[in-house]
Amino acid sequence: MRLCVSDKSTRNFSLTTKIFLGFSITRHSDKVAKQTNPFKSELRYSRSPYVSAQVLRLTRSGNLRLLDAKNQYVWQSFDKPADKLLRGQRIGVPSYLTAPVTMIGSAFFSLELKERSITANFNVGIKRYTYWELTPRHNRSVAFAEMDVLGLRLLDRQRRPVAQISPAIEAQVSFLALGEDGNLGMYFYDSHDMKFGPSYEALGFCELPLACGLRGVCSAAGECDDFSTYGVHPAPAAHRHSACNATTVADRHYMAVMEGVTTAIRPASPPTANVTMRQCADSCLRDCSCAAALYVLAAVADTGGACSRYEMTA
């Protein structure tokens, strides 16, 4: 198994977002809840054109609800989670949680709950790389996800259990969170230390997509080594910013090879089969968006291996 890294400079992504969230409650209008931001866009929600919101209430479980005159909710924050699911929260499928990637402004992690699977993904630009997945047995369909003291339960349309993610220790789960490192964890409240502690983590350190950043390799001992340890060094300045195209790429760029190194993220598109390592490297060099290629030898010696291309060296 070999990881080939291109010396082509990658694009620097940046994104700055400022959001102001406000609620406008009206007693005699169909505008039940309104969110506004500095760009003056509005999102409105209403269950019917005749509903009247009367009360804004925060429940003990952390759910923020708008209630009508009959004390029925017309909107609740549990329906639109951000990066956490609280105990007692139930959401329909499809749904997703998101968390920012601090080292790459435009990138984010997502936990996507779908009918046939749950996946953790690393999103950058228009690409999505999956690095963790849970698929219910017997191809069963998921309609709801629900948090309780025993973990995350996946239910079908009849509210029957399909699959469950349980904590590793015996403790009542308080919430599930998608962390800023991309890991999926469950947490309980430790009354002795008066703080939350982890009771479940989906991935070990080296299994995280950015455990050692964009220019590091995670060793079996759980330590980070720089690419230079494997003989990979930054390209000369004259090459780093040169034009990239299929005709001149051989003269201007090269691929450095790191043997015995793989990646935690899966390719955004299926790998190319039955190719040589040289063909794999050349295909990355001809693609100006390719920063690294993973070449896996075939089980049969006489056939070519599989080549996967990536837009970053994660």
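Strand β11 (residues 118-124) and strand β12 (residues 127-134) run antiparallel and are joined by seven bridges, where strands are DSSP runs of E with at least two residues and helices are runs of H or I with at least four residues, numbered from the N terminus, and two strands pair if DSSP finds at least two bridges between them. This is a predicted model, in which local features need pLDDT of at least 70 and side-chain atom pairs count only at pLDDT 80 or more, while totals for chains, interfaces and linings use all residues. Residues are numbered from 1 along each chain as its sequence is written, and side-chain values use heavy atoms, with hydrogens and water left out.

An open sheet is formed by four strands in the order β7-β16-β17-β18, with antiparallel pairing. Its edge strands, β7 (84-86) and β18 (195-201), each pair on one side only. Strand β17 (residues 184-190) pairs with β18 in the antiparallel sense, and G185 stands opposite E201 in β18.

| Strand pair | Bridges | Sense |
|---|---|---|
| β11 and β12 | seven bridges | antiparallel |
| β17 and β18 | six bridges | antiparallel |

In helix α3 (residues 277-285), the residues C280, A281, C284 and L285 are buried, meaning under 20% relative accessible area, with exposed over 50% and partly exposed in between (1.4 Å probe, protein chains only). Seen down the axis of α3, the buried residues fall within an arc of 135°, so they line one face of the helix; the arc is that of the directions from the helix axis to the C-beta atoms.
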